[in-house]
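Biologist: I have just opened this one and would like a guided look. Could you take me through it slowly?

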Amino acid sequence: MAGECVPESPDLGQMGEEELWEMINDNRHRISLGVRPGVLIPYLRQARVLTEMDEDEILSCHNLTNRSMRTSHMLDLLRTQGRNGAVALVESLMIHYPPLYTQVTGRKPSTEPSRFSGLIKYSELTEYLVRAVTGMQKELQEARCEASRKSASCASLELEIRQIMELAEKSRCLQSENERMRRHLCSLQHDVTKLKDEKCDLYVRYTAAIEEKSAVNMRLHDLNLQMYQLQTELQKAQTENEFQKRRSVRCAAAETPQLQEEVRNLRCQLVKVEKLDPARQDILAQDLAEAIDSQVELAEQLRCYREENEQLLREKQALLDQKECLSLQVQQLTLDCNMHQQKSTVIQNQMKELQAERDQAYLSRDEAQTMIARILAEKDTLRCQLVELQEQVFSVQAQRSPREQQRTSCDVETEEDWESPRSSFEESPISPPKIPNRRRLCRMDAINPISCTFNSECEDASSVRSRNAEPPSPESLRRREEALYADSSFEAVETDSLLDEFVLIPSVESEDKHKPRLSPSNDSSIDGLSRTSVPPFLMRCRQKAIRVNGRVLSISLQGEALLGQLAVVGGNKTGVFVHKVTEGTAAHTVGISPGAQIVEVTYEQNQKALRMVLEDSTLEEAMWALGQVTGLCHLSLRPRQDDYEALLQQLQSRETSSGDSFYVRVNLSLPAGPNWTLAVSCNDILHVTNTRPAGTEDSWHASQVHPCQLLDLQSGSVPNYYRAQRLLIRAIEDMSFQTKKSQKAGRLVARKQQKAVRIVGTGRQGRNPLWVSVEDANTKSAESGDTSAPRSCLTLMPYSPVTPHFPPVCRPVLLLPTILGHILNKKMADWQGFQLCEPEVLSSSEHAAQLQRSEILEECEQGRSCCYTLQSVEKVMKKGIHCVLPLGLDCVRRLHRAKIFPIIIFIGQSARSARKLRSKLQRHSQSEEQLLACSRSEEPLLDKLPCLYHSVAQDSWCDQTSLLTNLRTVIWEEQKKIVWVEPDLW
């Protein structure tokens with residue numbers, strides 16, 4: 001439509017150079033805003049108005065910060081090419097931006113050959129147009145595929161939404177049913193309450209009726225008593241009447257006075273008897289009243305008892321109702337738990353499916369990249385052949401005579417239209433164009449770090465090789481003591497030879513603190529305890545348990561074969577408890593019973609008092625320590641019956657196999673073996689749960705740990721400390737004493753394998769921190785008196801103790817080698833969520849104070865007052881973003897002391913990978929040799945760090961863009977992981 005509104009302009013072939021560029025400059029703003037340089041550059045390169053150097057300058061110049069500036073710079077470069085540059089630009093706009101072409105020239109776009117100027121041959125132009133159309137068709141097809149995928153995903157999401165709505169409707173129905181049931185339950189409870197009230201009223205009425213019945217019975221009893229008295233009086237009156245009648249008949253008149261006298265006497269007696277009856281009646285009435293009162297009291301007590309019984313029944317019913325409610329809640333929680341478990345199972349299955357799809361996508365991408373690389377290689381070959389043919393043509397043209405040149409001028413002009421102007425190659429010497437060395441495409445995800453080889457010619461480091469690494473037993477200790485005293489004269493010579501054979505990398509803070517002090521002349525003065533009584537054992541990273549001195553019992557007994565007198569269970573997590581005591585032994589005689597925790601044991605050996613602290617030792621350590629006891633010993637016991645019963649319950653329910661629980665970092669690679677032996681690699685994290693599994697004496701039971709959560713994965717058995725130490729020494733000997741030919745072959749193989757061993761030693765410590773604490777009572781006096789005896793021993797550690805840390809915020813990022821880190825730090829700081837750590841300017845007093853508190857990480861090269869401090873790092877971390885550290889490895893331990901754990905990324909380097917960064921290094925005044933030297937010097941120092949690091953393989957990236965993309969993925973993955981930190985043994 002733009003072409004219909006604008007009138008036809010004159011033909012471009014008839015316009016001059018100034019007219020063309022005037023037309024372009026009039027629309028320069030429109031072209032700068034609407035054109036992408038990357039789209040037009042292939043056509044301009046094909047028309048030979050731009051070179052490869054111009055292309056790199058347009059696309060990679062740091063001064064050109066946006067697309068408009070790059071397009072404007074491209075127009076400036078085309079202006080130098082004159083009319084050909086303008087014509088090529090207009091033709092490229094006609095192909096790729098038809099509306100913009102119409103607005104600039106006022107002509108309709110057309111792909112007819114007559115509309116092109118002839119800078120490109122017809123065949124090449126056709127091929128270019130076909131490629132452009134093919135690319136557009138591919139883009140259209142990809143867009144359609146993406147639209148179909150999006151529609152499918154939308155359909156699946158709609159289906160899920162419908163399912164969720166159905167579930168919500170079901171849940172609402174269940175809630176309404178639940179509300180109805182609750183209302184029905186409330187009504188039933190109200191009815192029950194009414195019935196209980198009616199029942200209580202009936203009980204009250206029944207009690208009143210019983211009381212009335214008792215009163216009626218008492219009244220009836222009184223009436224019966226009165227009737228009995230009246231009957232007695234009636235009988236008495238009848239008897240008297242009959243007696244008088246008989247006497248009147250029998251007695252004569254002479255006896256009348258006598259009878260009258262008797263009658264008077266009887267009447268007197270009757271009067272006396274009648275006078276006694278009221279008193280008796282009063283007594284009986286009083287007894288009756290007392291009986292009635294006692295009966296009322298009994299009835300009142302009975303009523304109270306019945307009320308108490310009713311109250312208890314009501315409380316029982318309330319408890320039953322609460323029990324029913326709790327059972328319903330338990331059932332609901334059980335259903336919720338089952339539902340959450342099902343959800344987690346479904347999510348895990350979906351994650352597995354997504355991982356499988358991701359792996360398939362990776363494989364497809366690798367195949368596509370391989371095909372693209374092969375096509376590019378073939379294209380480079382064809383380009384080389386084309387350049388050779390052009391050179392041959394140029395050489396033939398240079399050798400022709402002027403007469404032959406005049407005859408063939410027409411043909412030459414035709415060829416020059418698409419090659420280059422005549423003046424451009426007649427004035428300048430002919431030189432073959434430079435073909436860029438294209439890099440092979442490769443996968444950009446992180447891979448496992450390449451294993452490192454040992455430098456057998458290094459003389460600055462030192463190591464000690466133990467030739468007799470054996471389990472702790474009296475025989476082995478005696479043999480080791482004899483070997484040490486026998487070989488004391490040759491110890492210095494063997495140590496010097498070992499220093500030339502392999503390198504020891506101990507975990508230290510600084511370089512000037514890791515030189516071992518070996519004094520062969522003082523070997524005879526070394527205390528025998530440090531070499532014979534306390535061999536190096538497994539180290540475990542944990543805090544010392546808080547020792548409660550209260551209720552600790554000290555018992556003395558004869559400790560010969562102490563493990564035969566009593567059996568122990570537990571470990572470092574729960575404590576070591578007495579499990580069984582053999583009857584008839586000394587331990588049973590002194591009163592040791594199961595359930596007591598063994599805190600420490602003291603005994604005498606070689607006329608020296610030794611004290612072993614077992615409060616936080618493992619089961620293996622405790623059994624070894626108790627096996628060393630000979631003669632009279634003193635056991636410190638703490639009664640903890642509840643903890644002991646809880647441990648026994650866990651052991652019986654198989655929730656745990658022992659009381660041990662600690663985490664270690666493996667310093668050597670171990671292959672899988674028989675009897676469920678776990679295959680581990682160097683730098684793996686293991687969770688040791690049993691140091692004395694049943695049926696084995698030289699193995700531990702351990703599990704691999706999930707990198708992001710404290711979850712145990714695959715479990716199995718691993719060698720214990722002594723056997724792993726022998727395997728480590730054997731591996732070092734194999735790597736140290738091999739021939740040069742095998743060393744070269746080993747280096748080639750090591751590039752494709754993981755790290756074999758990691759040498760870490762204990763130094764500056766009189767004992768290994770993972771083994772049971774053995775203290776000599778005369779140690780303090782010996783230290784104050786004898787200063788010539790060495791106080792340190794150096795042993796190789798197959799396992800290093802670690803503790804987990806969970807950083808709550810974004811961790812800082814440290815890139816190595818340092819030279820490459822300085823180049824990439826500014827690029828990373830431009831990302832969203834990243835910020836470069838800025839130095840702070842401190843006064844002399846502030847500098848001294850922060851230096852004393854170890855808050856200065858590194859000083860800048862500009863001056864002493866400008867430093868990188870902990871406060872600057874914490875300020876960036878408080879924003880919730882990653883702090884990019886432009887520092888070296890010396891800052892890691894200072895950050896760890898402040899509970900800041902940086903993400904350490906080492907980018908492996910080789911001569912080939914360094915060539916990829918040649919231009920970047922030259923801009924920073926660096927060379928490839930300096931980068932390789934920095935990488936070789938900093939790579940051995942990584943094993944000295946007390947934490948894990950991530951290594952980026954040198955063949956996992958092809959240019960700076962792919963390297964930065966890979967680094968972003970690595971940082972995102974490392975942020976989710978648990979930070980495992982070793983204790984600072986130095």
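Predicted model: local features only at pLDDT ≥ 70, side-chain atom pairs only at ≥ 80, totals over all residues.

Modeller: Let us begin with a term: a residue is called buried here when its relative accessible area is under 20%.

Biologist: Which residues have the most contacts inside the largest nonpolar core?

Modeller: That core has 29 residues, and the ones with the most contacts inside it are I31, L40, L44, L50, M74, L78 and L93. The elements that give it two or more residues are α2 (17-26), α4 (37-46), α6 (67-79), α7 (83-96) and α8 (98-105), and α7 gives the most, with seven residues.

Biologist: Pick L44, then; what is it in contact with?

Modeller: Once its neighbours within four places in sequence are left aside, L44 is in contact with V49, L50, M74, L78, A88, L89 and S92. As a general background, nonpolar side chains tend to be buried together in soluble globular proteins.

Biologist: And how do α2 and α6 pack, at what angle?

Modeller: Their angle is about 175°, and their axes are 12 Å apart. The two helices, α2 and α6, are therefore roughly antiparallel to each other. Where they meet, E17, E18 and W21 come from α2, while L75, L78 and R79 come from α6.

Biologist: Changing topic: what is the order of the open sheet with antiparallel pairing?

Modeller: It has five strands in the order β10-β9-β8-β7-β14. At the edges stand β10 (712-719) and β14 (799-801), each with a single partner strand, so one side of each is left without a neighbour in the sheet. Neighbouring strands of this sheet are turned by 40° against each other on average, with direction ignored.

Biologist: How many bridges join β7 to β14?

Modeller: Three bridges join β14 to β7 (residues 662-666), and the two strands run antiparallel. In one of the pairings, V666 has Y799 of β14 as its bridge partner.

Biologist: Which strands does α21 lie across?

Modeller: Helix α21 (residues 721-736) lies across β9 (699-705), β10 and β14, and it runs at about 75° to β10.

Biologist: Now the parallel sheet; which strands stand at its edges?

Modeller: This open sheet also needs its order spelled out: five strands run β17-β21-β16-β22-β23, and the pairing is parallel. The edges are β17 (834-836) and β23 (950-952), each with a single partner strand, so one side of each is left without a neighbour in the sheet. The twist averages 30° from one strand to the next.

Biologist: Tell me about β21, then; which strands are joined to it?

Modeller: Two bridges join β21 (residues 882-885) to β16 (residues 813-816), which run parallel, and V813 has V884 as its bridge partner in β21. Strand β17 pairs with β21 in the parallel sense over three bridges, and there the bridge partner of F834 is H882.

Biologist: Which way do the residues of β21 point?

Modeller: H882 and V884 point one way, C883 and L885 point the other way, and all are buried. In a regular strand, side chains alternate between the two faces of the sheet.

Biologist: And which strands does α31 lie across?

Modeller: Helix α31 (residues 960-976) lies across β16, β17, β21, β22 (903-907) and β23, running at about 145° to β22.

Biologist: One more helix: is α19 mostly covered or mostly open?

Modeller: Helix α19 (residues 619-627) is mostly covered, since seven of its nine residues are buried. The buried ones are L619, E620, E621, A622, W624, A625 and L626.

Conventions
Residues numbered from 1 in each chain as written. Heavy atoms only, no water. Buried < 20%, exposed > 50% of the residue type's maximum accessible area, 1.4 Å probe, protein only. Helix = DSSP H or I, 4+ residues; strand = E, 2+ residues; numbered from the N terminus. Pairing = 2+ DSSP bridges. Axes fitted to C-alpha atoms, helices over the stretch in contact; angles between N-to-C directions. Contact = heavy atoms within 4.5 Å. Core = buried A, V, L, I, M, F, W, Y, C linked by side-chain atoms within 4.5 Å. Parallel < 35°, antiparallel > 145°, perpendicular 65-115°, else oblique.
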